[in-house]
Protein chains: 2
Amino acid sequence: MRISELSRASGVPVATIKYYLREGLLHEGQLTSATQAQYDEGHVARLRLVRALIGVGGLSVAATREVLDQLDHPADSTHDLLGAAHRSLGPAVDEDVDTSAAESLLDRLGWQVRSADRQAVRQLAAALTALEAADFPLSEDEVVSYAQAMRAIAEREVADVPLESTEAAVRYMVLGTVLVEPLLLALRRLAQVDASARRYGTR
Amino acid sequence: MRISELSRASGVPVATIKYYLREGLLHEGQLTSATQAQYDEGHVARLRLVRALIGVGGLSVAATREVLDQLDHPADSTHDLLGAAHRSLGPAVDEDVDTSAAESLLDRLGWQVRSADRQAVRQLAAALTALEAADFPLSEDEVVSYAQAMRAIAEREVADVPLESTEAAVRYMVLGTVLVEPLLLALRRLAQVDASARRYGTR
DNA sequence: GATTTTGGAGAGCGACGCTATCCAACATAA
DNA sequence: TTATGTTGGATAGCGTCGCTCTCCAAAATC
């Protein structure tokens with residue numbers, strides 16, 4: 001398969017494929033001469049994955065590269081699985097955000113968070129800070145209620161991690177983290193619409 | 001309060017405040033002369049809100065303006081509340097995405113979605129498409145399980161909408177949609193870490 | 001032999017969210 | 001009153017990002 005075929009098969013413009021090659025999101029094809037390389041189904045699948053991560057996943061090219069690196073070279077400890085998955089994800093947050101409110105919430109929930117996941121704690125802190133700054137009243141009970149719902153989700157997800165191979169486990173956690181987020185947000189909105197319709201009449 | 005004081009009080013640079021004024025995110029101060037205007041606490045609060053929406057909320061300046069417009073001029077029908085809240089939010093999705101899988105999922109869930117919320121349906125469709133394109137196996141049961149968790153959240157949210165005034169209701173739904181999203185995602189990650197630690201040992 | 005395509009590299013582009021500069025009108029402190 | 005600094009307002013520039021365009025000579029294809 002040559003580059004123009006790869007472009008047709010994937011729906012990604014040739015110039016963009018060349019850009020992804022330069023950026024290291026896609027491994028190079030097998031060179032058969034100075035101006036010819038062969039690409040295969042693996043490249044097509046990889047391109048689809050890249051587009052999913054950048055498009056719906058909303059990742060930057062740099063973050064996409066880090067995620068793909070983790071898929072390509074998985075750290076082989078179940079222990080670090082989540083840290084690895086989370087490390088390169090989510091909006092970057094200032095180092096110096098005040099995490100005390102977040103910490104005390106985690107205490108109340110009884111959640112254990114290893115130091116490897118400071119990033120997620122900072123994201124929680126930033127979200128709580130933003131709610132306060134926007135003068136949006138969210139009681140602690142409401143936050144806890146959100147937390148319990150997310151815990152129910154996480155419980156099932158962790159139970160469903162395929163353990164037969166490290167690759168499969170890493171893939172499940174990394175892609176599950178990135179690609180399920182837009183799904184969750186869309187479902188929440190639709191659930192709100194449905195709940196509102198049932199409560200206040202269909203009209 | 002003059003602009004430099006407003007800047008100090010809000011932590012937003014003067015040049016940026018001027019930019020927000022130009023973009024219509026902030027109403028102008030009371031002019032007292034050709035080169036002097038008065039700002040008040042309302043401007044400080046508004047600036048905090050703007051920064052929360054743009055920063056943690058991840059909205060563009062244009063989307064922020066639309067959201068603020070809805071807060072400033074709320075459509076006075078409970079019926080359109082969610083449509084209004086969702087209209088200007090979330091990643092824009094191609095008009096021509098295939099929504100059939102999303103529709104059938106909504107059928108299975110028994111969720112009613114008014115035509116006003118095509119946007120959310122398209123976001124759901126895009127998320128499902130991306131998962132498939134990335135070759136990430138998510139069974140229908142798993143999707144339904146996510147949906148039920150989000151439904152539990154939405155149910156409480158809708159029940160909690162303050163009905164005493166339209167302004168308060170619109171504010172609750174609009175800000176609740178935007179600013180709670182990062183909170184939910186952070187909580188999910190932390191819940192995963194906790195669930196994983198409890199399942200596979202603290203180490 | 002003529003035309004098209006390729007890999008590769010570099011520059012350019014359009015959108016975005018600011019940021020820096022300049023100005024004359026004013027306020028303020030000495 | 002004079003010297004200094006600040007303001008509102010307008011405009012231009014900047015840095016990042018995700019591409020996209022252009023050019024090239026070597027090779028493939030007709």
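Reader: Which domains is chain A divided into?
Author: Chain A of this predicted model has domain 1, covering 1-54, and domain 2, covering 55-200.

Reader: What separates their centres?
Author: Over C-alpha atoms, the centres of domain 1 and domain 2 of chain A lie 31 Å apart.

Reader: And how many residues does each put into the contact?
Author: Domain 1 of chain A gives 8 residues and domain 2 of chain A gives 11 residues. On the domain 1 side, helix 3 (residues 41-54) of chain A gives the most, with 5 residues. By class, that side has 5 nonpolar, 1 polar and 2 charged residues.

Reader: Switching to helix 6 of chain A. Which residues are buried?
Author: In helix 6 (residues 100-109) of chain A, the buried ones are A102(A), L105(A) and L106(A). They fall within an arc of 100° seen down the helix axis, so they line one face of helix 6.

Reader: What's on the other side?
Author: S100(A), S104(A), D107(A) and R108(A) are exposed there.

Reader: What covers the buried residues?
Author: The cover includes helix 7 (118-133) and helix 8 (140-160) of chain A, along with helix 9 (166-200) of chain B.

Reader: What follows helix 6 of chain A?
Author: G110(A), which has a positive phi, near 75°.

Technical notes. Residues are numbered from 1 along each chain as its sequence is written. Chains are lettered from A and ligands numbered from 1 in the order in which they are written. This is a predicted model: local features need pLDDT of at least 70, side-chain atom pairs count only at pLDDT 80 or more; totals for chains, interfaces and linings use all residues. Domain bounds come from an automatic or database domain assignment. Two residues are in contact if their C-beta atoms, placed from the backbone, lie within 7 Å. Helices (H or I, at least four residues) and strands (E, at least two) are DSSP runs, numbered from the N terminus. Ala, Val, Leu, Ile, Met, Phe, Trp, Tyr, Cys and Pro count as nonpolar, Asp, Glu, Lys and Arg as charged, and the others, Gly among them, as polar. A residue is buried if 20 or more other C-beta atoms lie within 10 Å of its own, exposed if 12 or fewer, and partly exposed in between; C-beta atoms are placed from the backbone. The arc is that of the directions from the helix axis to the C-beta atoms.
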